[in-house]
Amino acid sequence: YQRRVPGTVVISGHDEVSATASNTSSWKTTNTPSIISSITRSCREPMDLVLFLNQILRFTYNQLSGQPQFSNGQLSVVKSVPADCDDFLELAVVPKGCRRIEEVEDTWPVAKVKQRPSAPTSTGFGSSLLGRRIQFPVRYFGAGTVHAIQGQDAPSLATQISSDAKSKYKLWLKTQITTLISRVRYLCTFTFVGNMDEAFNCIRILLRKKSPNQDYIDHLLRRLNILLGAPQAPIMFHYHPFRPFFREIPGAQIGFVYMLISIRLPNVNYTGETQNLKVRLQSHQNKTGSE
């Protein structure tokens, strides 16, 4: 069903559950609040989707066949809102990689999408009960966290910071404030929310601090910088903030770039890349890896 609000259309989806994802006829509508809450936590599509013309949305699935093609997370702009749940939602497909939309180009292709099931997810009830949501395959595009936009420039940014240890807005690293400021191109688009004196006091405190790794990085650069002469030995690990000899080597196969430095001969080092760091280090120690 849909509820009309001035200037908007609200399309409500519904949730379904099944013991198996492969049998399409086994999916049944559910109205159990706890199951709906579980699906909502893992589902990207909102239950009640508020739509209006020229709204910016993200696709939630990949369409790699037919035209137009688009990818999960790619932006789109609402060109026409559906009249009901069975109607099409018309979206102008924004070019890949574009995150700032000044105006909709006439050359952008238009996709017509209907309500479809989301990817099945565990409901947490029973060992095999799955859930999914029937809704238009889009989610909202709006404000995001600083961590979510790493590597991107934000057109504007608002944040609250504090030096109070009990505040939920407390920052504790110098690199946190530099990361915040570097997310915008111009400082005039950066806004501090809350008490301005408290924000400036927090900035002053953080800028006087050293990064936990700063002493160790400076030490490595002094020891290994061949422009200043022959490398010096030994490398002192008491500068390291985390005592690397007592850290477990990750076993995840996610890809690593690593450097091995000889403690006895600090001018001897090796840089490599591997999917599994633990396996690669073992091969080095067994002298079966790269020399």
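A polar contact is taken here as a pair of N or O atoms within 3.5 Å; within protein, one must be able to donate a hydrogen and the other to accept it, and residues adjacent in sequence count only if both atoms are side-chain atoms. I note that the model is predicted, so I keep to its rules: local features need pLDDT of at least 70, side-chain atom pairs count only at pLDDT 80 or more, and totals for chains, interfaces and linings use all residues. Residues are numbered from 1 along each chain as its sequence is written, and side-chain values use heavy atoms, with hydrogens and water left out.

**Entry 1. Polar contacts**

I looked up Asn-276 and found a polar atom of its side chain 3.0 Å from the backbone nitrogen of Val-279. Asn-276 sits in the loop between strand 17 (269-274) and helix 5 (277-285); helices (H or I, at least four residues) and strands (E, at least two) are DSSP runs, numbered from the N terminus. Asn-276 counts as buried because its relative accessibility is 14%; buried means under 20% relative accessible area, exposed over 50%, and partly exposed in between (1.4 Å probe, protein chains only).

I then turned to Ser-18, which lies in strand 3 (residues 14-18). Its side chain makes a polar contact of 2.6 Å with the side chain of Ser-26. Ser-18 is also buried, at 2% relative accessibility.

**Entry 2. Salt bridges**

I counted as a salt bridge a side-chain nitrogen of Lys or Arg within 4 Å of a carboxyl oxygen of Asp or Glu.

Because Arg-132 lies in strand 12 and Glu-16 in strand 3, the pair ties together parts 116 residues apart in sequence. Arg-132 is buried at 15% relative accessible area, and Glu-16 is buried at 11%.

Lys-112 belongs to strand 9 and Glu-90 to strand 8, 22 residues apart. I found Lys-112 exposed, at 55% relative accessibility, whereas Glu-90 is partly exposed, at 24%.

**Entry 3. Charge on the surface**

Which residues gather in a patch of negative charge on the surface? They are Glu-102, Glu-103, Glu-105 and Asp-106. Such a patch joins like charges within 9 Å, from residues with over 30% relative accessible area and no salt bridge; nonpolar side chains (Val, Leu, Ile, Met, Phe, Trp, Tyr) are joined within 5 Å. Glu-103 lies in the loop between strand 8 (89-93) and strand 9 (110-113), and counts as exposed because its relative accessibility is 54%.

**Entry 4. Backbone geometry**

Most residues other than glycine have a negative phi, and most peptide bonds are trans. I therefore noted two places in loops.

The peptide bond from Gln-67 to Pro-68 is cis, with omega near -5°. Pro-68 is in the loop between strand 6 (56-59) and strand 7 (75-80).

Asn-54 has a positive phi, near 65°, in a residue other than glycine. Asn-54 is found in the loop between strand 5 (48-51) and strand 6, and is exposed, with a relative accessible area of 56%.

Key:
Areas by Shrake-Rupley, 256 points an atom, 1.4 Å probe, with all protein chains shown as cover. Lys, Arg positive; Asp, Glu negative; His and termini not counted. Charge placed at Lys NZ, Arg CZ, Asp CG, Glu CD.
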